[in-house]
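Me: I would like to learn how to read a few local features in a structure. Please take them one at a time.

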2 protein chains.
Amino acid sequence: MGEFELLARMRERLPRTGARLRLGSGDDAAISLPGGATATSVDALVEGVHFCREQAGLEQIGHKALSTALSDLAAMGAEPGEAYVVLGVPADLDEEGCLQLLDGLAELAAATGTSLAGGDLTRAPVLTLTTTVVGHAESASDLVTRSGARPGDALVVTGELGGAAAGLLLIRDRRPGDVPSLGAAQSALSGGTSDALVARQLEPQPRLEAGRALAAAGVTAMIDLSDGLGGDAGHLASASGVGLRIDASALPLAAGVADVAEAAGVDPLQLAVSGGEDYELLAALPAGKLEEATAAVGAAAELRLTQIGEVTRGEGVEIRRPGGELLKATGFDQLR
Amino acid sequence: MGEFELLARMRERLPRTGARLRLGSGDDAAISLPGGATATSVDALVEGVHFCREQAGLEQIGHKALSTALSDLAAMGAEPGEAYVVLGVPADLDEEGCLQLLDGLAELAAATGTSLAGGDLTRAPVLTLTTTVVGHAESASDLVTRSGARPGDALVVTGELGGAAAGLLLIRDRRPGDVPSLGAAQSALSGGTSDALVARQLEPQPRLEAGRALAAAGVTAMIDLSDGLGGDAGHLASASGVGLRIDASALPLAAGVADVAEAAGVDPLQLAVSGGEDYELLAALPAGKLEEATAAVGAAAELRLTQIGEVTRGEGVEIRRPGGELLKATGFDQLR
């Protein structure tokens with residue numbers, strides 16, 4: 001099957017969702033009708049750097065490529081619009097494999113109301129997925145950047161943390177010969193909990209509804225947690241010119257994280273702080289809006305919103321245990 | 001230098017052109033203020049597939065990555081807006097190399113009024129540049145697709161053809177031991193002509209002004225010549241549901257193409273028809289608008305507009321020599 005024929009077969013599978021898309025894949029460019037402002041983000045997943053085909057199915061890889069890109073739109077509070085995907089296809093991936101990747105992309109696109117509006121195929125030495133996502137808003141002021149947090153704001157996080165890192169430990173433990181062995185954790189966890197942790201790693205969900213609810217509720221700054229709470233909080237603090245004080249005991253750990261951490265001999269809080277890839281949203285907002293924001297996120301996305309700290313006049317990020325001990329947000333690079 | 005530090009250094013070099021860009025690189029997403037309709041295209045250059053670092057400088061590679069993407073916007077008649085670039089960086093490319101790539105991108109961005117609005121860096125086994133470009137128009141009907149050509153329309157092409165393919169032959173000839181040897185051509189060509197052919201291959205120019213002039217002059221269908229006239233004309237014919245009859249003797253060959261072709265023992269018309277990468281524009285338009293379109297392209301871009309054929313009720317593409325002999329538009333794959 002040639003490139004053009006494969007592209008044609010891929011186009012047939014694309015869901016044509018989204019009223020904004022006027023002309024999809026197949027011309028020199030896609031045509032869309034934007035809102036008053038657009039938010040655009042690009043993201044790449046490279047085999048051997050961001051994923052291994054031994055650990056994730058092709059549909060999951062497709063899902064994750066779009067999910068991590070859409071997570072950036074969630075962090076802007078944007079309405080998802082169009083996605084464009086460039087597939088770098090290695091010699092050992094056949095056309096059926098390309099279509100499986102597309103199925104993973106297309107399923108998430110349909111679920112989120114995103115139009116797969118275009119893309120490209122090229123040969124490449126390893127499987128590479130580069131995704132561009134475009135989100136919309138009525139005006140630029142409706143979009144939330146990282147830079148508006150003010151001293152005194154409350155710091156909140158959606159959902160639960162540490163699950164993706166724990167899931168990665170479980171996945172790696174499945175490979176024979178790897179250490180540490182998490183047999184203790186595997187037997188302590190119910191199958192459902194274990195599967196949920198693995199899914200947090202392999203099939204993250206972009207928090208689009210929560211992001212829009214938070215934007216509407218008046219958050220002053222927002223970022224998605226891709227690198228890990230410690231690092232991403234640092235980006236938000238730096239962009240806003242403020243400090244962040246985080247109470248480690250307030251962090252909402254995902255079910256099973258404590259068990260996996262214990263079996264692996266690591267601190268569960270480190271999984272939450274430095275593990276990364278939870279793709280939850282971290283936001284700052286005036287304390288008086290906390291209640292409204294919590295209700296809005298619950299109603300829009302059935303997600304918890306947890307206050308984990310506050311914005312200060314200082315700089316940088318302090319994450320402290322209840323006794324006041326500073327929890328280091330570094331030194332967990334072996335997970336990445 | 002870490003990824004974040006390199007990204008910060010790269011951001012410092014970005015020209016902040018374009019009134020539409022409200023927030024550039026450094027947040028979760030860029031924010032722009034679009035027109036009534038947007039044209040979006042993605043394109044990838046992969047080392048070993050689309051370029052070799054032995055044959056092209058890093059600035060030239062950066063230039064070409066943006067240029068080939070912008071060429072798709074030219075073919076829509078769109079106003080260039082924003083570009084987003086994902087760099088896949090191999091282990092043997094240092095930070096200085098990344099900045100050279102960016103310089104090539106930034107120079108063309110500034111020259112075309114394109115904002116380099118965002119991007120990403122990742123490790124990769126070979127150098128990879130994935131570029132997303134967004135163009136704007138007042139309304140979707142101002143953008144030109146491939147699908148509107150009507151029987152009786154004139155078929156026109158901007159500029160000159162075959163130069164990029166001839167340039168590639170000259171570049172390859174510089175490598176010792178390669179055949180065919182183009183010594184005869186090299187000595188027949190002036191240095192300026194030879195350099196111009198090489199530049200056509202390594203530093204193609206997107207025909208943005210010409211594309212907008214043609215759109216304003218009422219072309220019915222347009223495509224940029226990336227794969228070669230034969231293939232791209234086929235795409236336009238297929239999308240429009242028409243046939244195209246092209247007069248090979250009318251093709252505007254770039255200066256020096258005949259000399260290079262003769263030395264290489266190939267048909268110069270094949271370089272024009274199948275060589276590809278000229279990034280000129282092929283368009284259909286009512287014959288009554290030819291004069292106005294020619295004047296508009298000359299005024300906007302100082303480029304020739306040449307009628308090379310016409311749109312018919314048939315299907316497919318016929319390229320004929322003056323005597324009526326069919327010129328095959330295939331069989332030149334060794335150039336790609």
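Reply: Leaving out residues up to four places away in sequence, Thr132(B) touches Val42(A), Thr132(A), Thr40(B), Ser41(B), Val42(B), Glu82(B), Ala83(B) and Tyr84(B), where contact means heavy atoms within 4.5 Å. This is a predicted model, in which local features need pLDDT of at least 70, side-chain atom pairs count only at pLDDT 80 or more, and totals for chains, interfaces and linings use all residues. Residues are numbered from 1 along each chain as its sequence is written, chains are lettered from A and ligands numbered from 1 in the order written, and side-chain values use heavy atoms, without hydrogens and water.

Me: Is Thr132(B) buried or exposed?

Reply: Buried means under 20% relative accessible area, exposed over 50% and partly exposed in between, with a 1.4 Å probe and protein chains only. Thr132(B) has 2% relative accessibility and therefore counts as buried.

Me: How are two packed helices described?

Reply: By the angle between their axes and the distance between the axes. In chain B, helix α2 (residues 58-76) packs on helix α3 (residues 95-112) at about 40°, with the axes 7 Å apart. That angle makes α2(B) oblique to α3(B); under 35 degrees counts as roughly parallel, over 145 as roughly antiparallel, 65 to 115 as roughly perpendicular and the rest as oblique.

Me: Which residues of α2(B) make the contact?

Reply: Among them are Leu58(B), Ile61(B), Leu66(B) and Leu70(B). On the α3(B) side, the contact includes Leu101(B), Leu105(B) and Leu108(B).

Me: Which residues of helix α7 of chain B are buried?

Reply: In α7 (residues 208-216), they are Leu208(B), Ala210(B), Gly211(B), Ala213(B), Leu214(B) and Ala215(B).

Definitions and conventions: Axes are lines fitted to C-alpha atoms, for helices over the stretch in contact, and angles run from 0 to 180 degrees between N-to-C directions. Helices (H or I, at least four residues) and strands (E, at least two) are DSSP runs, numbered from the N terminus.
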